[in-house]
Amino acid sequence: MSKTKLQFVHHPHPSPVPADKRAELLKNPGFGRVFSDHMVTIRYHESKGWYDARIEPRAPIPMDPAAAVLHYAQEIFEGLKAYKTKDGGATMFRPTENARRFQKSADRLAMPSLPEELFVEACDLLVKTDRAWIPDGDGASLYIRPFMFANEIFLGVKPSSDYLFIVIASSVGSYFKTDAPAVSLWVSQEFTRAAPGGTGAAKCGGNYASSLLAQAEATRHGCDQVVFLDAVEQKWVEELGGMNIFFVFDDGSMVTPPLGGTILPGITRSSLLTLAKDKGIKVREDRYSIDQWRTDARSGRLREAFACGTAAVVTPIGTVRSKDGEFKIGNGGPGTQTEDLKSALVGIQRGHTADKYGWIHKVF
Ligand code: PLP
Ligand code: COI
């Protein structure tokens, strides 16, 4: 059964940001504050499915104060990056994986499934239209933020009948403001991120809302990010507020916490697992406790640890702090295996090394 393909209506921006102003903004964009000229929107209603696909000027969205998302947080999002290529084109890294995760998140939040091709087409269209916003330089990219929310005007608690899917783009540099060679983590022992049966594996706004107090506590203790333990035993390291985590031991082997419903299945994590295995590194998806972490860091058995994600790429972890004190990892700076894996990943993402995995999606 073939349905007619949804056609995007194009409304080009009548007054896009002038080139000189854009160039100024792209010099040092930071993360998530500089936005491109356009956005993609697609609507959904349970009676007609996906409809009214557009690319139009990025602008505030009128919302009824009774829109369901404002009350019950039925919202999901994704994050992926577009890169400039040497030949003047643009690529994205594994966008179909984001499309699939978006479908899984939608399923968990009782939302409709956006077809994979439509998700990728929407991202492609925005990148093509706003290509001038892809910054140059190491570590810079156009961060694509697809998201969807419940738009039914109704205060009853039930899955919405109406949704709005939007894609916006933000020119970004490094996620972390710090110039330090490695980030510091605060171990949250009071707050957890996700419980078994909850929404930990979904990329929904609510997970991030509930992480903010723990993140604020991390900041108060001088740390860059919060690391969460499991909700049942308060013992097993799970992930950071917005990144997965890997541990590197003195024999070169690595461990990352297993996916089991409480951790976001990171696309960077999965790519690094593949790259590590192909390099002959022994890598296990296994539970690792905070006590073992402390013991191994102190004995030197643990040599390196790093965070990974689209925004963070691969970021070395130097210090871990909690109410029980602090420990350093290795010499507190980047380790060689972390750097090696990072350059293997970034090399593929930026087209400097051959992509034998078929991870690179050419936009144009
Ligand atoms: N874990 C959390 C909670 C995240 O928000 C992210 C970022 O998207 C990740 C892990 C890493 O996922 P990915 O590598 O797909 O960006
Ligand atoms: C990403 O890496 O894409 C995320 O969504 C994480 C967030 C902390 C920016």
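Q: Which backbone atom lies 2.8 Å from an oxygen atom of ligand 2?
A: A backbone N or O atom of alanine 311. That's a polar contact, meaning a pair of N or O atoms within 3.5 Å; within protein, one must be able to donate a hydrogen and the other to accept it, and residues adjacent in sequence count only if both atoms are side-chain atoms.

Q: And how much of ligand 2 does the protein cover?
A: On its own ligand 2 has 280 Å² of accessible area, and the protein covers 90% of that. Accessible areas come from the Shrake-Rupley method with a 1.4 Å probe; for residues, only the protein chains shown count as cover.

Q: What kind of model is this?
A: A predicted one: local features need pLDDT of at least 70, side-chain atom pairs count only at pLDDT 80 or more, and totals for chains, interfaces and linings use all residues. Residues are numbered from 1 along each chain as its sequence is written, chains are lettered from A and ligands numbered from 1 in the order in which they are written, and side-chain values use heavy atoms, with hydrogens and water left out.

Q: Back to ligand 2: which side chains have a polar atom by one of its oxygens?
A: Tyrosine 143 has one 2.6 Å from an oxygen atom of ligand 2, and lysine 203 has one at 2.7 Å.

Q: Why does ligand 2 lie between domain 1 and domain 2?
A: Because domain 1 (3–172) and domain 2 (183–349) both give residues to its shell. The bounds come from an automatic or database domain assignment.

Q: OK, ligand 1. Which residues come nearest?
A: Arg101, Tyr208, Glu239, Thr268 and Thr310, of the 17 residues around ligand 1 (a heavy atom within 4 Å).

Q: What are the distances for arginine 101 and tyrosine 208?
A: A polar side-chain atom of arginine 101 is 2.7 Å from an oxygen atom of ligand 1. For tyrosine 208, a side-chain N or O atom is 2.4 Å from a ligand 1 oxygen.

Q: How much of ligand 1 gets buried?
A: The protein buries 96% of the 390 Å² that ligand 1 exposes when taken alone.

Q: Which elements give two or more residues to the ligand 1 shell?
A: Strand E11 (237–240), helix H7 (267–278) and strand E15 (302–309). Helices (H or I, at least four residues) and strands (E, at least two) are DSSP runs, numbered from the N terminus.
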